[in-house]
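Open your viewer and get a selection tool ready.

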Amino acid sequence: MDTTTIAQPAHPSTPEPGYVLRGLGLYELHANAILDSYQGGGKYLVPSGTQANGLYETRIGTRPERNRCECRGFASHKHCSHVVAAGRVAGRSAVCDGCGARTWRRDLSEVQESLTYFEGDLLCRSCRRDSDAL
Ligand SMILES: [Zn+2]
Ligand SMILES: [Zn+2]
């Protein structure tokens, strides 16, 4: 690996474990596919990093200890790259209060004033366009 092009971590003495780096790699490659796979209830389908067309059902819980993945690595280690990738997708997205679709946070905006939505509701771009929200 060419380390000269990679930003140095804040704590070089504690490098990220391999499964975290693999998970971040899966996120880089498949972020939109993972978001689109959202099943509700915290469940995502995360592509396998090793098997073509492999998918793992991964659940991101309300607390980290509630995370689950159906892969063998999770069964033996209680962590895996799929949970890392889905966890990052979950952290960077939220459900639109208009259409209920899981959407990147950068594409959601908060309602300031509206007759149909509550102040603070999150709306995706198309719901906002179709609404009276300010
Ligand atoms: Zn897994
Ligand atoms: Zn929407």
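Predicted model: local features only at pLDDT ≥ 70, side-chain atom pairs only at ≥ 80, totals over all residues.

Residues are numbered from 1 along each chain as its sequence is written, chains are lettered from A and ligands numbered from 1 in the order in which they are written, and side-chain values use heavy atoms, with hydrogens and water left out.

Asn67 sits in the loop between strand S2 (55-59) and S3; helices (H or I, at least four residues) and strands (E, at least two) are DSSP runs, numbered from the N terminus. Is Asn67 buried or exposed? Its relative accessible area is 13%, so Asn67 is buried (buried is under 20%, exposed over 50%, partly exposed in between, with a 1.4 Å probe and protein chains only).

Next, select ligand 1, the zinc ion. Which atoms coordinate the zinc ion? They are Cys69 (SG), Cys71 (SG), Cys80 (SG) and His82 (ND1), at 2.0 to 2.3 Å. Donors here are N, O and S atoms within 2.8 Å of the metal (3.2 Å for Na, K and Ca); water is not among the atoms, so sites may look incomplete. The angles between the 4 donor atoms run from 106 to 113°, which makes the arrangement tetrahedral (four donors, all angles between 85 and 135 degrees). Cys71 lies in the loop between strand S3 (68-69) and helix H2 (72-77), and His82 in helix H3 (residues 81-91), so this pair ties together parts 11 residues apart in sequence. Both Cys71 and His82 are buried.

Now colour H3 by accessibility. Of its 11 residues, 8 are buried, among them His82, Val83, Val84 and Val89.

Finally, zoom out and colour by domain. Domain 1 spans 17-91 and domain 2 spans 93-134, with bounds from an automatic or database domain assignment. Their centres, taken over C-alpha atoms, are 26 Å apart, and 9 residues of domain 1 are in contact with 5 residues of domain 2.

Notes: Tetrahedral: all angles 85-135°; square planar, octahedral: opposite > 155°, others 65-115°. Contact = heavy atoms within 4.5 Å.
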